[in-house]
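Please examine the complex shown below, after which a series of questions and answers takes up its organisation.

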Amino acid sequence: MKILVAVKRVVDYNVRIRVKADQTGVETANVKMSMNPFDEIALEEAVRIKEAGKADEVVVVSIGPSQAQETIRTGLAMGGDRGILVEADPDLEPLTVAKLLKAVVEKESPDLLILGKQAIDDDSNQTGQMLGELLGWPQGTFASKVELGDSEVSVTREIDGGAETLALNMPAVITTDLRLNEPRYAKLPNIMKAKKKPLDTLTPGDLGVDTAHRLKVVKVEEPPKRKGGAKVGSVQELVEKLRNEAKVI
Amino acid sequence: MTDSLLNDRDLKFQLYEVLDIEALLERPRYAEHDRAVFDSVLDTAHDLAKHYFAPHNQKGDAEEPVFEDGRVRLIPETKTAWDAFADAGFLAAHHDAEDGGMQLPEVVLRACMAYFNAANVSTTAYPFLTIGAANLVKSFAAPELRERFLPPMMDGRFSGTMALTEPGQGSALGDIRTTAKPAEDGSYRLFGQKMFISGGDHELTENIVHMVLARIEGAPAGAKGISLFLVPKVLVNSDGELGARNDVALAGLLHKMGYRNTTSTVLSFGEGDGAVGYLVGKPHHGLAYMFQMMNEARIGVGLGAATLAYQSYVHALSYARERPQGRLPSSKDPLSKQVRIIQHADVRRLLLMQKAYAEGSLSLCLYATSLAEDARTAPDPEQARQAGELLDLLTPMVKSYPSRYGVIASDLAIQVLGGAGYTREYLLEQFYRDNRLNPIHEGTEGIQAIDLLGRKLGRAVAKATHCS
Ligand SMILES: Cc1cc2nc3c(=O)[nH]c(=O)nc-3n(C[C@H](O)[C@H](O)[C@H](O)COP(=O)(O)OP(=O)(O)OC[C@H]3O[C@@H](n4cnc5c(N)ncnc54)[C@H](O)[C@@H]3O)c2cc1C
């Protein structure tokens with residue numbers, strides 16, 4: 001049994017995001033980058049499954065610039081067995097990422113694919129779903145509990161108004177939500193060991209995927225500052241304000 | 001208010017650009033490392049400090065350790081923090097690979113400790129002291145003793161202390177009175193009282209290894225008659241199993257201005273038949289051995305003071321950027337928007353003074369650590385010798401400057417917050433109280449001055465005259 005985990009290098013969650021002066025994107029120069037927190041959860045889940053004796057190998061894949069090797073190394077220090085970097089532009093679109101991952105999956109034939117539900121940089125929340133669709137595999141998104149059976153995996157997922165549990169035939173795609181687990185820290189000796197674990201580099205060309213952008217970014221700007229709230233005296237006043245000031249009804 | 005610890009960029013600037021620690025990678029000892037490893041280790045330290053140390057910093061201050069039925073009770077977060085620190089491998093990191101360490105350069109370890117100190121200096125004291133005590137065991141204990149005590153001090157099952165001070169003797173260590181009587185089995189029985197022993201009792205670990213200075217019966221007077229002993233709280237059989245409780249009792253706790261989550265203990269050795277102690281190294285050389293730990297601890301105290309100063313500054317800076325108050329002298333319109341206080345010249349002055357003290361101190365301490373590194377691992381023996389001598393000369397200043405000016409920085413940081421700085425709703429008053437310790441322990445400022453002027457400079461001058 002082999003598990004493939006996809007991890008993305010993103011601006012660290014502690015960093016206050018700034019828009020570039022030319023409004024083409026978010027400032028990443030001299031900014032701390034780290035593994036997308038949802039992907040840490042994905043990796044943690046894979047490593048726990050392996051530690052429970054239910055998987056033999058955990059492969060950590062990242063698509064991004066050469067510095068994403070560091071993100072993969074972090075993953076290997078957390079317990080991944082080997083890494084694959086698909087060296088590409090950091091701002092690929094979800095569909096392209098899904099196609100690249102599909103190509104990696106075809107080379108690697110994993111039984112289970114775990115991804116974060118979204119990356120905290122663009123919050124797209126699309127890659128896992130697109131990938132499941134492209135592969136024709138069942139998908140369990142927003143997982144808060146994963147239980148592995150023999151040929152099935154049961155995924156409890158968070159939905160509006162509660163939780164539902166799905167049984168998926170394997171191979172399957174799972175995307176993780178925050179409550180699934182608490183990821184571990186890389187122990188120092190494992191940081192050293194990670195250096196010796198294999199890490200292969202591929203290019204989109206090797207995988208036969210065209211990475212041209214299909215969407216055009218017009219402009220990136222900060223969301224408008226929130227204005228202070230106000231208390232209203234009555235329902236009537238509220239309705240009146242919604243109609244005449246906010247103009248939403 | 002900020003939740004950040006230090007500033008990654010500044011710390012890395014010090015390490016990679018000022019000290020060029022990547023040059024260490026050429027030394028055989030560090031051949032297995034690379035910059036990515038250093039970065040990961042630093043990131044891990046930052047994350048652990050933030051998640052396991054910082055959140056209970058105020059709680060540990062408000063709910064100081066309690067002495068009940070002969071035992072100490074600490075807030076439980078302390079144990080979780082200790083376990084996380086040990087489990088990540090920080091207690092073992094700088095040790096030799098053959099001892100189970102990862103040969104992390106000392107300067108990287110100390111930079112990691114800066115994050116922990118910034119997060120929670122009093123909880124960090126437990127691992128800080130343990131690392132120092134383990135270094136003493138590693139350097140001077142006989143092989144059998146080392147094998148029995150070093151591994152559990154590296155994996156976090158045992159912690160360590162340094163027990164020098166007595167109720168009657170603090171600065172004047174040559175006058176200590178704790179005595180050691182030789183026993184038939186080659187060990188010793190210790191009798192006496194030690195005071196102010198940090199981490200001297202707690203239940204974070206199954207055992208505590210006290211590194212104790214005492215006088216063997218009949219030893220010469222003064223500093224030349226002091227020996228170093230390893231005295232465990234619980235006896236350890238030769239197979240490593242824990243045995244009976246040793247004759248070391250907690251007589252009481254001291255109640256401090258700051259650093260409250262570190263237990264400050266009065267310990268009684270030998271209320272009964274005597275505390276079993278094992279001589280470390282040769283008789284009557286104890287003070288010299290202890291100086292190894294003290295010199296390391298002195299750099300550590302400087303660094304602790306520098307990081308508290310830095311952390312005060314980080315908080316003050318973040319507050320000053322957000323707090324609107326008043327208008328600039330040039331503004332005549334009473335209805336114009338208030339400016340952030342960072343725009344006021346006097347607030348900038350306060351901030352820049354802090355920055356100068358804090359960054360200067362941090363830089364000095366990391367530089368001292370890199371000298372210690374060179375003294376140990378520089379490939380050129382002449383370079384190693386020079387680094388050692390320079391470090392020796394600088395140590396009193398590395399300890400004293402950050403200790404004195406760090407408190408001033410913490411004081412100025414309170415000033416930046418105004419009334420808020422004086423309240424316990426903010427951390428600044430605690431940083432100030434915590435930092436006030438540093439000019440006192442590990443040799444007071446006065447004692448450092450005597451060391452510098454009376455000993456070190458004299459020696460350096462004599463040498464320079466001799467050479468010319
Ligand atoms: C929170 C805390 C933690 C501590 N942790 C430890 C520990 O873990 N282990 C340990 O062994 N000790 C520890 N100590 C003890 C500490 O090292 C001593 O308090 C310190 O060395 C000073 O000794 P003292 O308190 O007896 O002061 P004293 O020695 O009585 O000094 C009082 C004053 O006299 C001055 N003075 C003394 N002698 C001279 C002289 N010859 N010339 C000029 N001035 C002089 C001093 O500078 C000081 O200003 C700790 C102390 C504190 C407060």
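Q: Into which domains is chain B divided?
A: In this predicted model, local features need pLDDT of at least 70, side-chain atom pairs count only at pLDDT 80 or more, and totals for chains, interfaces and linings use all residues. Residues are numbered from 1 along each chain as its sequence is written, with chains lettered from A and ligands numbered from 1 in the order in which they are written. Domain bounds come from an automatic or database domain assignment. For chain B they give domain 1 (8-284) and domain 2 (287-467).

Q: How many residues of domain 1 of chain B are in contact with domain 2 of chain B?
A: The centres of the two domains of chain B, taken over C-alpha atoms, are separated by 23 Å. Two residues are in contact if their C-beta atoms, placed from the backbone, lie within 7 Å. On that criterion, 33 residues of domain 2 of chain B meet a set from domain 1 of chain B that numbers 40 residues.

Q: Which elements give two or more residues to the shell around the ligand?
A: A residue is near a molecule or strand if its C-beta atom, placed from the backbone, lies within 6 Å of it. Of the 22 residues around the ligand, those that come nearest are Leu164(B), Gly170(B), Ser171(B), Thr444(B) and Gly446(B). Helices (H or I, at least four residues) and strands (E, at least two) are DSSP runs, numbered from the N terminus. The elements in question are β3 (158-163), β5 (188-198) and α12 (445-467) of chain B.

Q: Which element gives the largest share of the side of chain B that touches chain A?
A: The contact takes 14 residues from chain A and 16 residues from chain B. On the chain B side, two or more residues come from each of α2 (35-53) and α4 (77-88). The largest share, seven residues, is that of α2(B).

Q: Which strands of chain A stand at the edges of the sheet?
A: Two strands pair if DSSP finds at least two bridges between them. The nine strands of this open sheet in chain A run in the order β9-β8-β7-β10-β6-β1-β4-β5-β11, with mixed pairing. Each edge strand has a single partner strand, so one side of each is left without a neighbour in the sheet; these are β9 (162-169) and β11 (199-202) of chain A.

Q: Which residue is the bridge partner of Ser154(A) in β9(A)?
A: Strand β8 (residues 152-159) of chain A pairs with β9(A) in the antiparallel sense over eight bridges. In β9(A), the partner of Ser154(A) is Ala167(A).
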